Amino acid sequence: MTQFWIVIGLPIILSLLVNELSDLSPWLARRFVARAAIIWARDDAARSDELRAEWGAIIEDAPGKITKLVVGLRFLVGAVARNRVLWFTGDSAFWTVLDFCFWLGRTSTNRLPARHRVRLVKWILWTALRVPGHGVEACGLLLGNPDFDALRIDASREKIVMSFVPRTERPTGQLDTGDDHCSD
Amino acid sequence: MADEPTRITAPFLDVVEAFINAAGDELHGWAIIKASGRGGPTVYKILERLTEMGWVTARWDAEPAALNKPRRRYYKLTGDGARRARQLLSERRPANGNVVRGLRPAFGGGSR
């Protein structure tokens, strides 16, 4: 009976799901660009309306349902990356994705112990410093991060030495300032 | 009077090149994205810069392409912007200079 479901039932369910998702994609893409327009324009409601209309037309022009979804998603990621990290003005797709991941990591891991957040940021920095021409900006990503009281960094192409001082709130309201050090 | 770009990146040149290839035709958003080969947010950041610099003007389509569809917004190089864009491309991408002038866009442009 189990084999029956795997061989017959699963493909049917999957194909129905894929079909449903592809029908849903244009609608989802329009939702993405509407949200992206709000984030992009921030407090400027008139500009936001303009962008929503304009990007809505782009979604209509994009061929294929999945393409529409991808285009809409890219606008959303781009808008988030643009305004969550205000100093970021680059045009690189790498940085758009990295900023989004960084923002996601910061907002979704608030309940994680500080040492895990430190590890996540270290991993991002470690990766970023390996992309030619972006090392300095990678350091900038971490500055102003509320998860850390201080960040000491000595980075070059050959060697990276980082000292993080994580912010962990204690019941007394004092901060844990234990150093977490790694070298590469 | 058009301003000079403060940062000239590869995506910036791609978008400028898309306009030059359009040979004076207007381009809508999707046409620019396709012609430049860059993502939507990247293109729009550059379009905002080009508009602020006075290289590009924009206008809304008078009527939507189809009923209940959103209207497109068309972009076009200004006279001064076109001159500076050609100059910039000839400096930064000299190998493409002759090809650029000979190409026409495969899709997109409205005409006025």
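**View 1. A:Ser25 within helix α1 of chain A.** In this predicted model, A:Ser25 lies in helix α1 of chain A, which spans residues 2-41. The relative accessible area of A:Ser25 is 1%, and because buried residues are those under 20%, A:Ser25 counts as buried. When its neighbours within four places in sequence are set aside, A:Ser25 is in contact with A:Lys65, A:Ile66 and A:Leu69.

**View 2. The elements of chain B.** Chain B contains five helices and three strands, and from the N terminus on these elements follow one another as α-β-α-α-β-β-α-α. Of the 112 residues in chain B, 49% are buried. Among the contacts in chain B with a separation of 6 or more, 70% are accounted for by residues 24 or more positions apart.

**View 3. The packing of helices α1 and α2 of chain B.** Helix α1 (residues 10-21) of chain B packs with helix α2 (residues 29-36) of chain B at an angle of about 115°, and their axes are 9 Å apart. Since angles of 65 to 115 degrees count as roughly perpendicular, α1(B) and α2(B) are described as roughly perpendicular to each other, and their crossing is right-handed. On the side of α1(B) the contact is made by B:Asp14, B:Val15, B:Ala18 and B:Phe19, while α2(B) contributes B:Ile32, B:Ala35 and B:Ser36. By residue class, the contact of α1(B) with α2(B) is made up of five nonpolar residues, one polar residue and one charged residue.

View 4. Three strands of chain B form an open sheet in the order β1-β3-β2, and their pairing is antiparallel. Strands β1 (27-28) and β2 (56-60) of chain B stand at the edges with a single partner strand each, so one side of each is left without a neighbour in the sheet. Two bridges join β1(B) to strand β3 (residues 73-77) of chain B in the antiparallel sense, and B:His28 stands opposite B:Tyr74 in β3(B). Helix α1(B) packs on this sheet, where it touches β1, β2 and β3 of chain B, and the direction of α1(B) makes about 85° with that of β3(B).

Definitions and conventions
Residues are numbered from 1 along each chain as its sequence is written. Chains are lettered from A and ligands numbered from 1 in the order in which they are written. This is a predicted model: local features need pLDDT of at least 70, side-chain atom pairs count only at pLDDT 80 or more; totals for chains, interfaces and linings use all residues. Side-chain values use heavy atoms; hydrogens and water are left out. Axes are lines fitted to C-alpha atoms, for helices over the stretch in contact, and angles run from 0 to 180 degrees between N-to-C directions. Helices (H or I, at least four residues) and strands (E, at least two) are DSSP runs, numbered from the N terminus. Angles under 35 degrees count as roughly parallel, over 145 as roughly antiparallel, 65 to 115 as roughly perpendicular and the rest as oblique. A crossing is left-handed if the near helix is turned anticlockwise from the far one by less than a right angle, and right-handed if clockwise. Contact means heavy atoms within 4.5 Å. Ala, Val, Leu, Ile, Met, Phe, Trp, Tyr, Cys and Pro count as nonpolar, Asp, Glu, Lys and Arg as charged, and the others, Gly among them, as polar. Two strands pair if DSSP finds at least two bridges between them. Buried means under 20% relative accessible area, exposed over 50%, partly exposed in between (1.4 Å probe, protein chains only).
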